[in-house]
Amino acid sequence: DNLKFEKTLVFTKDEIMQEGVVAVALESKQLRIHRDYSFCWQSIGNEMTVTKVEKNRLYTLNNIKVVDLYTHYLGIKPEEFEAGIGIEFPLIVTHDGLNSARAIRSREDDGSVMMAGNLSVGDKVRIGFGDAKRMLHQSQKLIEAASRQPSEVIFVYSCAARRYFIGNEIEAEVSPLQAIAPVCGFFTYGEFF
């Protein structure tokens with residue numbers, strides 16, 4: 001819903017739901033899958049520990065209000081804090097060896113923030129930033145790797161925050177894949193790999 005976070009839909013060929021999960025399983029002895037991903041958000045600053053959180057509402061890092069940390073490190077005053085800042089400078093968390101970006105959706109009156117994704121007490125995070133040029137360069141490498149794979153279809157799942165961040169350049173990232181094989185996919189609220 002274009003980063004409004006108001007209403008999304010889950011659908012199959014038979015049903016449209018406001019809540020639910022759709023799972024697909026592909027099985028065949030001939031099926032060959034190549035998977036890859038492009039993260040490209042870079043961590044900066046000191047590692048911090050999540051000290052107070054309730055699902056996706058983050059209160060403190062290192063026992064300091066999140067908004068105060070962003071003010072300290074990035075010079076963003078609380079009244080200037082908006083969702084775009086949280087997308088441009090997400091929190092980077094590592095689980096099972098893979099980095100994920102948790103964008104800040106909104107600032108609450110008590111200094112807490114609503115995240116696009118859950119965190120847990122004890123998670124280690126760092127502030128991140130994006131480099132659009134680096135993202136597009138990495139995408140070119142993925143396209144080259146995909147072109148060396150025999151492909152009947154390419155599924156692309158790209159984060160809505162990435163789409164927001166690089167704007168119309170998202171076309172340059174995705175459309176060259178169409179020269180390799182038919183492409184389908186969607187923009188997600190969070191990394192999906």
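Thr-49 is the residue standing opposite Lys-124 in strand 10. Pairing here takes at least two DSSP bridges between two strands. Strand 10 also runs antiparallel to strand 6 (residues 91–95), and three bridges join them. There, Val-93 stands opposite Val-125 of strand 10.

Quick housekeeping. This is a predicted model, where local features need pLDDT of at least 70 and side-chain atom pairs count only at pLDDT 80 or more, while totals for chains, interfaces and linings use all residues. Residues are numbered from 1 along each chain as its sequence is written, and side-chain values use heavy atoms, with hydrogens and water left out.

Zooming out, the chain has five helices and 12 strands; these are DSSP runs numbered from the N terminus, helices being H or I with at least four residues and strands being E with at least two. Its C-alpha atoms fill a box of roughly 55 × 40 × 30 Å along the principal axes. Of the 193 residues in the chain, 33% are buried. Buried means under 20% relative accessible area, exposed means over 50%, and partly exposed is in between, with a 1.4 Å probe and protein chains only.

Now helix 1, residues 66–74: which of its residues are buried? They are Val-66, Val-67, Leu-69 and Tyr-70. These cover an arc of only 160 degrees around the axis, so they sit on the same side of helix 1; the arc is taken over the directions from the helix axis to the C-beta atoms. After helix 1 comes Gly-75, with a positive phi near 75 degrees.

Last stop, Tyr-157, which sits in strand 11 (residues 154–159). Tyr-157 is partly exposed, with a relative accessible area of 35%. That's me done, thanks everyone.
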